[in-house]
Amino acid sequence: MSENIPTYEAAVIGSGISGMYVTYRLRELGVDFRVFEAGSDVGGTWYWCRYPGARFDSESWSYGYFFDKELLQEWDWKEHFSPQPDTLEHLYLVADKHDLRRDITFNANVAAAEFDDEANQWTVTFEDGSRVRATLLISCLGVLSAPTLPDIPGRDDFQGQAFHTARWPHEPVLFEGKRVGVIGTGATAIQAIPEIAKTAEHLTVFQRHPNWAAPLHNSKTTPEEQKDIKARYEEIYARCWETAGCFIHTPDPRSALDVTPEEREAFWEKLYSEPGFGIWIGNYRDILTDERANALATEYMTRKIRERIDDPEIAEKLIPKNHGFGLRRLPLESGYFEAYNRSNVRLVDLLEAPIEGITAKGVRTTVEEHELDILVYATGFDGVTGGYDNIDIRGPGGRRLRDDWKDDLPKTFLGVINDGFPNLLMVLGPHTSRGNIPRHIEKIVDFNIGIIRHMRENGYSRIEVRPEEAEKWLAQVKDVNEGRLAGKIASWQTGVNANVPGRQTIRVLGYYGGAVRYREQAEQVAAEGYKELLFR
Ligand code: NAP
């Protein structure tokens, strides 16, 4: 009966970094709302991805929330690139300090959301059949919240322990004396493999395609550095907002083609020896846009892999052949390549011997069966749209978001609201800008909060995007994607996942015109009274 269904002004899905900040801001605005979270606590990615070796590869002190200046001074980042347990501790501290959990219902898996066109209201249905109603539905699903298992027969037959890295148990997994297998060699596996190799009796890595990776050069933060970081937070924040991805790194204005080979080599050696993403996004301005410049960088990184691997045959297998350096989101590593020099680690090249199936004892390729005690699926996510596709979201007339996004590119305004889906606001939806995630989240949440404030001040109960404005945004999204070499490479960022039916085609799923340009446009829209949106 409808009167028994809890009804709110806003229902929020997810309490990761976006959802936590939305909670803080909605409460500040005095909105009657509730957050629904699938996990048993806050933290999102940092709650779920507890695999060994999980950590940031952007500088910790540029990643945390900046809205609470007091907390910035209270909290010490123990390492320059924070490990997952410390990051989660930081997020728990934020939740404790602002008492965020009281507005959040945990262990609540959203199964469906349906819009009532007459009442201007969403009905949200959970997996246990319970429901809530809300005028606004705010998605804080994130871009990597739908983990995918490999499409390999026999997964349920395995008699040992098996874990996806994004659904890692809360209790420690002990590898001592165990034969461990890892499927996948993306950013996650590149962090996990060296850690697992340290204690496992034997580790077998099942690699289909290798990825480029560069050294992270992490270190503990000294007390002097801590003091310096705390004194410079305003400067760090300003620096982030000067760069395309909100990281502290910015490209070198020179072309890789305009310098001598000696200069190039010296610059690349310097970048390779420095912490963080400099080698990727602090590199010559054209290595990600000019094929000749990219080929030079690729050749340099190829040599680095060969230098670090003892066995030349293994080195060749670890050199990516299907994409140039930096054309997928670059994983940063701590001893990844050296792990293959250990006697307890074996690389299985699935391009030579594909997996036929998972068996009770382990993994069977076309050549042999690998017996395992623990099998780790580091097989990634159905990126960007996957979290939404997993929920049956229906707009007016039963129109399904999943169908809209099946073959066509999402038509959104600023990635925040999708054409034809009133009152559904997204944080990190498709076609928002990307990079240092918390920096983007803060601005996108603030933009969403501005819309909600505008609705409340004017007594509106319905918001949608003018279709022509969604068309215009899509045109800009496509336009700024032109010339990016990465836009032509299959990865989660281009919406490709070999394990998900229908997700084999490259799509543009982010706004790549830069964080500054994105933010300026959002601020202008707000300043001019949201004329791209229709309010009722
Ligand atoms: P990913 O980069 O998509 O890698 C998935 C891996 O699984 C690939 O090596 C893929 O091989 C392999 N795979 C998938 N299905 C397979 C199958 N059926 N058989 C064999 N291999 C299969 O996923 P991820 O490593 O989880 O990383 C995703 C993103 O998470 C990163 O790009 C990054 O944005 C984020 N992340 C961030 C951090 C950080 O901040 N430090 C750390 C980890 C992850 P193919 O290439 O052959 O398909």
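1. H17 covers residues 467-481 and H18 covers residues 515-527; their axes are 13 Å apart and the packing angle is about 165°. That makes H17 roughly antiparallel to H18, a label for angles over 145 degrees. Helices here are DSSP runs (H or I, at least four residues), numbered from the N terminus, and axes are lines fitted to C-alpha atoms over the stretch in contact, with angles from 0 to 180 degrees between N-to-C directions.

2. A word on the source: this is a predicted model, where local features need pLDDT of at least 70, side-chain atom pairs count only at pLDDT 80 or more, and totals for chains, interfaces and linings use all residues. Residues are numbered from 1 along each chain as its sequence is written, and side-chain values use heavy atoms, leaving out hydrogens and water.

3. Next pair: H9 (residues 261-272) and H11 (residues 291-308) have axes that come within 11 Å and cross at roughly 55°. So H9 is oblique to H11. H9 passes H11 in a right-handed crossing too.

4. Now the ligand. It has 24 residues around it, and Arg55, Thr188, Arg208, His209 and Trp492 come nearest (near means a heavy atom within 4 Å). By class, that shell has 10 nonpolar, 9 polar and 5 charged residues. Helix H6 (residues 187-199) gives the most to the shell, with 3 residues.

5. Which atoms pair up with the ligand? A polar backbone atom of Thr185 is 2.9 Å from a ligand oxygen, and a side-chain N or O atom of Gln191 is 3.1 Å from a ligand nitrogen.

Conventions:
Polar contact = N/O pair within 3.5 Å; in protein donor to acceptor, adjacent residues only side chain to side chain. Helix = DSSP H or I, 4+ residues; strand = E, 2+ residues; numbered from the N terminus. Nonpolar A, V, L, I, M, F, W, Y, C, P; charged D, E, K, R; others polar. Parallel < 35°, antiparallel > 145°, perpendicular 65-115°, else oblique. Left-handed = near helix turned anticlockwise from the far one by under 90°.
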